[in-house]
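Subject: Structure handover

Hello,

I am passing on the structure we spoke about. Please have it open while you read the notes under it.

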Amino acid sequence: MEKIQALSDADKLYSSLKDLPEPVANPVLVVVCGLPGTGKSYFSKKLSERLPFVVLESDVLRRVLNKVPKYDRSENARLFQAIYLLSEKLLKEGVPIIVDATNLTEKHRRRYYDISDKLGVKLIMVQVDAPPSIVEGRLRNRINDEENSSGADWKVYQKMKKSVDKIKRKHYALDTSIDYTPVLEKIIEEVKMI
Ligand SMILES: Nc1ncnc2c1ncn2[C@@H]1O[C@H](COP(=O)(O)OP(=O)(O)O)[C@@H](O)[C@H]1O
Ligand SMILES: [Mg+2]
């Protein structure tokens, strides 16, 4: 039953995606990880402006499945099951993707490691971070940003901070409080290499 639910959720998410890039022979899977306000969506947009990617932003997809998000355990579980299935479907079709979600624990990241291993697609992990004082200011200002889909505030940041695992696989680390163009260029080079 849960599997059927997840498949139908994934279909719904798939239909909500606009402007899918042209399929390629070797699509890349980029997984962005970081606490709220660290700049994941900002970075994902920058990268997708440089290379063809579809961005799977969990905050946007959550609203496709739930008009009024609750951010509770069961909503999260259902959302991320659907995003895993959607990622796999897109990669099988040859569509390069950026997963823009907090992905704070290895438990949550493992599914992406498995998808990459199983499909033989290149995995690029990106750890996004910024000093807490900067994040606090950004989260306060973001409330007024019409393009923002995230409901997370400073309280949520502090709560989530307790559950962060180090990324066990090779990854890029970005401090978004400074100019990270050199790292962005390195990532672009790595994507282009395949
Ligand atoms: N490198 C940056 N330079 C300037 N502002 C940034 C940068 N990264 C993020 N921001 C701003 O900080 C806020 C939080 O960034 P966002 O990408 O929404 O974080 P996240 O997706 O990780 O929750 C947004 O208002 C965004 O525009
Ligand atoms: Mg975001």
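The notes below cover the sheet, the helices on it and the ligand shell.

Please keep in mind that this is a predicted model.

Sheet. Five strands form an open sheet in the order β2-β3-β1-β4-β5, and the pairing is parallel. The edge positions belong to β2 (54-57) and β5 (171-175); each has a single partner strand, so one side of each is left without a neighbour in the sheet. On average, neighbouring strands are turned by 20° against each other, direction ignored. Within the sheet, β1 (residues 28-33) and β4 (residues 122-129) run parallel and are joined by 6 bridges.

Helix α3 (residues 58-65) lies across β2 and β3 (97-100), and runs at about 70° to β2.

Ligand 1. There are 14 residues around ligand 1, of which Gly39, Lys40, Ser41, Tyr42 and Arg138 come nearest. The largest share comes from α2, with 3 residues. By residue class, the shell around ligand 1 holds 8 polar, 4 charged and 2 nonpolar residues.

Regards

Terms used: Residues numbered from 1 in each chain as written. Chains lettered and ligands numbered in written order. Predicted model: local features only at pLDDT ≥ 70, side-chain atom pairs only at ≥ 80, totals over all residues. Near = placed C-beta within 6 Å. Helix = DSSP H or I, 4+ residues; strand = E, 2+ residues; numbered from the N terminus. Nonpolar A, V, L, I, M, F, W, Y, C, P; charged D, E, K, R; others polar. Pairing = 2+ DSSP bridges. Axes fitted to C-alpha atoms, helices over the stretch in contact; angles between N-to-C directions. Contact = placed C-beta atoms within 7 Å.
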